[in-house]
Amino acid sequence: MSTELSTNALRGLSAAEVRERTAAGETNTTGGIATRSAGQIIRESVFTFVNNTLFILGLALLLLGRPGDALLSAGIVFINALVSSVQEIQAKRKLDQIALLNRPQALVIRDGVEQTIAPEEVVRGDLLKVGAGDQIIVDGTVLGDGRAELDESQVTGEADRIAKTAGDPVFSGSYCVSGSILYIAEKVGAASLANQITAGAKQHKHELTPLQRNTNMLVRVFLLLMIFLEIVMVLNAFVQTRSLVESVQDVTVVAGLIPNGLFLAITVAYAISAVRILNFGVLVQRSNAIESLSNIDTLCVDKTGTLTANRLVFHAVHPLGSDEAELQTILGEMMASTAAGNKTSEALAAAFPREARRVLVEVPFSSARKWSAIAFDDPARRGIYVLGAAEMLRPFLAPGAADAWQAQLKAWSDQGLRVLLAAHHPDPTLLKDDGDATTLPLLTPIGLVSLSDELRAEARETLARFRAAGVEPKIISGDNPETVASLAKQAGLPDDIRLVSGPELDQMDEAAFEAAALSATIFGRITPQQKQRLVQALRKQGRYVAMVGDGVNDVLSLKQANLGVAMQSGSAATRNAADIVLTKDSFAVLSPAVEEGQRIVNGMQDTLRLFLTRTATIALLTIATLMVSSELFPFLLAQSTLMAMLAVGIPTPLIALWARPGPTARTGQIARLLRFLIPASLLSTVFGLLIFFGAIIIEYVVRAAGVPPGGEEQLLYGTALPIAQTALLSFLIFTGLLLVVFVEPPTAWWVGGDELSGDWRPTLVALGCALLYGAILLIPALRDWFVLRVPHSVSFGLIGVATLIWLFLLRWVWRSNALERFLDIDFGARYVSVARSDEA
């Protein structure tokens, strides 16, 4: 668009000056904090520690002549990367759409013509024009006769509107609430205040959750174990002169110690949860952010936009020298007649709707004066009426006039209410608008008005749910700490909460600062840099911190937090820096998001137990059989694949899908995992060895009578060993499926390895997998595919008896704390008491 200005208006830069400054690099371009590119997302999803391990494993299998197994390993990497990349790229596109809808435009004056251009096309020295609803694009100074009120809360954190006239500075990231001004661009690009604040937050963080760190640590352990076994088996093959085919097959089975299906299960669980909570209004930018929510123990929020709706509500009036109805009428007429509205006038106009009066002069509110005035020249209402901060109007009152209302003022102020004094003078002609130099005649107080910030309807319930979940809220604001504390108490926080102000923090040394960060709940008059330091101090002391913000002043602290949460209506820099974006600007949706995170962690802990118990059992059986005989390997590759599919591959995704929300322990996860894993894997190994060698002995004894001389070796390796491998596989599948029931106990009898679930679905899945294995044994084509042989009936009896003894013995070990007592270690046996209370 373009509109010719009057000849008296400021003309701005010429086209030649714009070209010159553009060539000199004095434009508003900046690196900023953009959303991650699709390529960056894919790189971060593909080249993780886990995926790199699987890549190397696939390459090794390829070199060993197992292209199919190599493809399986690489396929897991591909699926992992595909699932997480698709989810995060979809989130990026959603954010880009939001940014496009909220993208500001710059109205500049060049050669005397108004032009609408993109923000990055603004150059230093440009003359810009803003009106109500417009954003300040760059830092500058106001020119001309215009007047406007700006909201600088996204930059400074203070909610009060700031009046701007000629000579006043304006800052990028602010918004014009009312009025219109011209300003000249002085600091553009990286030099602007908003970009200086975000300068330390250009790099996207990639923070692992506790579950991911624990999983990676365990994978490293099993990787070292796998490498050890591979070396032993290669040496054994060389000493025993085994065939290359047999050696490669054994090495490939050992490579299965890396639980690649576990990582796929985690990735799929993240993706499913991201879809679930999108319906609540939570957009996940980083796939592990939902799980991260379940680990937070400290939630840092701003007052404005989270606890409050950024609106004032009328509280009460206290008339002085007139009745209440008359005072309400005066206030209503003042608000209906004003041309310069603000949050105070909106609240009073809503409380006292009245007709407008004829205005002679109006002096709008100024943050410097802290009052506004209006002169009525109407037969029914004549005189000057003033409304503002009592301490700023005191010089215009008669001596001793404050004695009548001082007590009421103090009582309301102590409650954290915003208190205004209304005053009157009968002569309207004495009011002159001289800007901040405006003075008033001697006034007569007519009443006090109290207002409060409007709490969000969901604030009390949301904070209560977080506190019940063990999450400590900390409110960090640019406003007065007393006002913030009052609102916090209205939202349900206790009366004994500690308050600390920004200036007080500035006087503290590092130790005192960290102590204050931990002990205080309310932080007022806080700068963006102090917010960042507070988050750092909390993390340094072991807190898992989530930070909720919406303004540019929150970006640095969002990047420092374990989990950054942004409002959709906030600045683009804040949205791009966050891990989660609340698309409906509702703080309340974090509660179901936390529950979804708890669901993921609970499901993944069960999945981790099953995968790692299977992996540990295979490792122990491999070591044990190598010690007894290096030629009797307990598994074939096809059998190992079948066991992985039935015992963990099918049940675990469903367990993660059906997992229950609920508080998750933030420490001791490894200890609780070991409490489950050690007894289950040791008992499975011991009974597995008995079944494996027992089946060999049974087959050897049963068939030995008909073996011709010299046929013993063929009987052992050609008949007894394949049948023993099938017997061992059957035992491990049945016990693996019983572990599925133990991690999700449907009744109190099954409680021991985990707390009571009451959900029969995992048990039915386990039963279905057992029946599926039975069908595979009965169908010749499937039996041959997985290289299975039907054991002797005596071997089946051995499997049944061993499985029953394993079941009761494992249940006893868990319930009696036998392992803990033997090792004299506390594994955090929290489930035993639950089981006993259920039985009682």
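The legends below describe several close-up views of a predicted model.

**Figure 1**
Of the 840 residues in the chain, 55% are buried, and the chain exposes about 34,500 Å², of which carbon and sulfur atoms supply 60%.

In soluble globular proteins, nonpolar side chains tend to be buried together. The largest nonpolar core of this model holds 51 residues, and the members that touch the most other members are Leu642, Leu739 and Trp806. The elements that each give two or more residues to this core are helix 22 (590-628), helix 23 (637-649), helix 25 (669-704), helix 26 (712-743), helix 27 and helix 29 (793-816). Helix 26 gives the most, with 16 residues. Around Leu642, and not counting residues up to four places away in sequence, the residues touched are Leu729, Ile733, Tyr773, Ile776, Phe786 and Leu788. A second, separate core has 50 residues, and Ile290, Ile296, Val301 and Leu307 are among them.

**Figure 1. Helix 24 packed against helix 27.**
Two packed helices are described by the angle between their axes and the distance between the axes. Here the axes of helix 24 (residues 651-658) and helix 27 (residues 761-778) come within 10 Å and cross at roughly 170 degrees. Because angles over 145 degrees count as roughly antiparallel, helix 24 is roughly antiparallel to helix 27. Helix 24 takes part in the contact through Pro651, Leu654, Ile655 and Trp658, while helix 27 contributes Arg761, Pro762, Val765 and Cys769. Sorted by class, the residues of this contact are seven nonpolar, no polar and one charged.

**Figure 2. Pro762, a buried residue at the contact between helix 24 and helix 27.**
Pro762 is found in helix 27 and is among the residues that make the contact with helix 24. With a relative accessible area of 3%, Pro762 is buried, because a residue counts as buried when this value is under 20%. Apart from residues up to four places away in sequence, Pro762 touches Ile655, Trp658, Val740 and Glu744. The C-alpha atoms of Pro762 and Pro651 are separated by 7.0 Å, although these residues are 111 residues apart along the chain.

Helix 15 (residues 459-468) and helix 22 pack with their axes 10 Å apart and at an angle of about 25 degrees. Since angles under 35 degrees count as roughly parallel, helix 15 is roughly parallel to helix 22. Thr462, Arg465 and Phe466 of helix 15 meet Leu590, Ser591, Val594 and Glu595 of helix 22. The residues of this contact divide into three nonpolar, two polar and two charged.

Leaving aside neighbours within four places in sequence, Thr617 is in contact with Ser681, Ser684, Thr685 and Leu732. Leu558 lies in helix 20 (residues 555-560), and at 0% relative accessibility Leu558 also counts as buried. From C-alpha to C-alpha, Leu558 and Val535 are 8.6 Å apart in space, and they are 23 residues apart in sequence.

Most residues other than glycine have a negative phi, and most peptide bonds are trans. Val787 has a phi near 55 degrees, a positive value in a residue other than glycine, and Val787 lies in the loop between helix 28 (780-785) and helix 29. With a relative accessible area of 30%, Val787 is partly exposed. Asn817, which is not a glycine either, has a positive phi of about 60 degrees, and its place is in the loop between helix 29 and helix 30 (818-823). At 22% relative accessibility, Asn817 counts as partly exposed.

How values were computed:
Residues numbered from 1 in each chain as written. Predicted model: local features only at pLDDT ≥ 70, side-chain atom pairs only at ≥ 80, totals over all residues. Heavy atoms only, no water. Axes fitted to C-alpha atoms, helices over the stretch in contact; angles between N-to-C directions. Helix = DSSP H or I, 4+ residues; strand = E, 2+ residues; numbered from the N terminus. Parallel < 35°, antiparallel > 145°, perpendicular 65-115°, else oblique. Contact = heavy atoms within 4.5 Å. Nonpolar A, V, L, I, M, F, W, Y, C, P; charged D, E, K, R; others polar. Core = buried A, V, L, I, M, F, W, Y, C linked by side-chain atoms within 4.5 Å. Buried < 20%, exposed > 50% of the residue type's maximum accessible area, 1.4 Å probe, protein only. Areas by Shrake-Rupley, 256 points an atom, 1.4 Å probe, with all protein chains shown as cover.
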